[in-house]
Amino acid sequence: MSQWEHLHAWSPSHGGKRVRDLAHQTFGADASGLVASAPGRVNLIGEHTDYNGGLALPIALPHRTYAWVRARTDGRIRCISAQADHLEEVDLHQLTAHDGSGALTSWAAYVAGVPWAAYHSGVLSELQGADIAIDSCVPFGAGLSSSAALECAVAVAIGQLAGHPARDDEQRGRWAQVCVRAENEVAGAPTGGLDQAASLRCQAGHALALDCRSGATQQLPFDLAAHDLTLMVVDTRAEHSLVDGQYASRRADCTQAAALLGVPLLADIPIEQLAAALDDLASHPHLGARVRHVVTEIARTREFIALLGAGDALSRDLDRLGALMYASHASLRDDYQVSCRELDLVVDTARELHLPGARMTGGGFGGSAIALVPAVQAGEFAAAVSAAFTAADLRSPHLYRVEPGAPADVETT
């Protein structure tokens with residue numbers, strides 16, 4: 001295995017077999033159920049804009065979470081994961097929101113939260129119980145939306161079994177909102193919805209231009225191979241968590257800043273009015289920095305989307321796309337303060353090699369960075385990043401190349 005292909009994505013047949021075998025071992029020889037899968041995601045640009053009503057541009061990873069699901073009639077969830085050590089059982093009738101007495105604190109919250117949220121959102125007319133077996137090749141703790149992949153795989157399976165499939169984009173958008181509610185209210189992670197939308201609504205070979213306020217989407221071709229490019233993901237192995245208070249703190253800063261500025265969401269501030277907004281927040285400099293990131297990040301994402309939408313941007317406008325990525329990272333590092341030593345090291349290494357663009361991706365405080373790399377330089381970049389981490393006395397990162405993958409879906413064979 002080459003050092004820049006540390007983690008291969010499973011084929012659908014391999015992933016499906018793994019969860020069927022796990023279900024057979026756990027639930028018995030008669031374990032017959034439906035298999036679904038959902039991808040993790042990488043965000044090309046547009047970070048911490050989702051809960052501010054802005055724009056984002058994710059792609060689905062080829063790496064997926066697989067779920068074998070069999071319906072139950074008693075409102076109970078029994079779930080097993082190849083990444084966990086025991087069977088979890090949840091009575092959906094006793095489940096409450098995260099701050100209630102019936103709250104879950106284990107990984108099962110991301111599973112049981114989906115049928116709970118579907119019922120409480122009116123998508124399902126009754127609490128749907130299920131036996132569920134999970135396995136995944138989406139890196140955990142790498143900022144690549146392993147939790148959203150888990151939720152969305154369960155969602156499309158439960159929806160199919162209950163007669164509410166996620167077929168068209170409108171239905172997929174509805175199930176994405178269900179998964180957001182599950183993560184916010186049951187798992188207690190205050191995410192904004194980008195990850196779930198990406199897992200359910202991205203298309204293979206495309207980047208998803210997502211308006212996080214309206215839910216409107218546009219599929220933009222993103223054919224890296226045709227331009228002799230590759231997108232390299234660097235899992236720094238500096239684990240992050242969305243429930244440790246840092247993410248919620250940034251979101252609270254944005255809510256406070258919007259209230260002080262008299263706008264519903266920070267996306268309501270045009271780039272032309274940023275200077276005036278910063279003047280109004282002069283006595284709250286840290287809030288001003290948060291606002292500066294969000295407003296400029298939305299502007300960067302809008303330009304990135306426009307360039308891709310005009311066609312052939314990966315050759316004609318590659319330098320500008322890369323500059324937007326580098327500027328995004330600097331803003332996340334300096335104004336939003338969500339980067340870390342490892343993420344900065346990846347981006348600095350990309351700059352030293354004069355690569356087109358690089359940035360951290362995901363919520364930050366660890367996780368992964370991405371780089372747009374000419375295919376012929378993939379090995380050079382991988383070697384340089386590994387050497388930089390060794391010199392800094394950091395754990396060796398995991399590097400791999402990705403192409404835009406397919407959305408969550410039910411296995412048809």
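Colleague: Which residue in S7 does His206 stand opposite?

Modeller: This is a predicted model, and in it His206 stands opposite Pro221 in S7. Strand S7 covers residues 217–221, and five bridges join S6 to S7.

Colleague: In which direction do S6 and S7 run, parallel or antiparallel?

Modeller: They run antiparallel. S6 and S7 form a hairpin, with five residues between them. In the turn, Gly215 has a positive phi of about 85 degrees.

Colleague: How many bridges join strand S2 to S6?

Modeller: Two bridges join S2, residues 55–72, to S6, and this pair also runs antiparallel. Within the pair, Ala56 stands opposite Leu210 in S6.

Colleague: Which residues lie nearest the centre of the largest pocket?

Modeller: They are Tyr110, Phe140, Gly141, Ser146 and Ser147, out of 42 lining residues. Helix H2 (108–120), strand S5 (129–136), helix H3 (146–161) and helix H5 (194–201) each give two or more residues to this lining. H3 gives the most, with three residues.

Colleague: How do the residues of that lining divide by class?

Modeller: The lining of the largest pocket has 19 nonpolar, 18 polar and five charged residues.

Colleague: How much space lies in the second largest pocket?

Modeller: The second largest pocket holds about 250 Å³. Its lining has 17 residues, and those nearest the centre are Gln177, Gly192, Gly193, Cys212 and Gly215. Helix H4 (169–186), H5 and strand S6 (206–211) each contribute two or more residues, and H4 gives the most, with four. By class, the lining of the second largest pocket divides into seven nonpolar, six polar and four charged residues.

Colleague: How many cavities of 30 Å³ or more does the structure hold?

Modeller: The structure holds one. The largest cavity has a volume of about 40 Å³.

Colleague: Which residues line the largest cavity?

Modeller: The lining consists of Ala71, Gln128, Gly129, Ala130, Ile158, Leu161 and Ala162. Five of the lining residues are nonpolar, two are polar and none is charged.

Conventions
Residues are numbered from 1 along each chain as its sequence is written. This is a predicted model: local features need pLDDT of at least 70, side-chain atom pairs count only at pLDDT 80 or more; totals for chains, interfaces and linings use all residues. Side-chain values use heavy atoms; hydrogens and water are left out. On a 1 Å grid over the protein atoms alone, a cavity is a set of points where a 1.4 Å probe fits but cannot get out, and a pocket is an open set with protein on both sides within 12 Å along at least five of seven lines; lining residues have an atom within 4 Å of a point. Ala, Val, Leu, Ile, Met, Phe, Trp, Tyr, Cys and Pro count as nonpolar, Asp, Glu, Lys and Arg as charged, and the others, Gly among them, as polar. Grid points are joined across faces, edges and corners, and a volume is the space filled by probe spheres set on the points. Two strands pair if DSSP finds at least two bridges between them.
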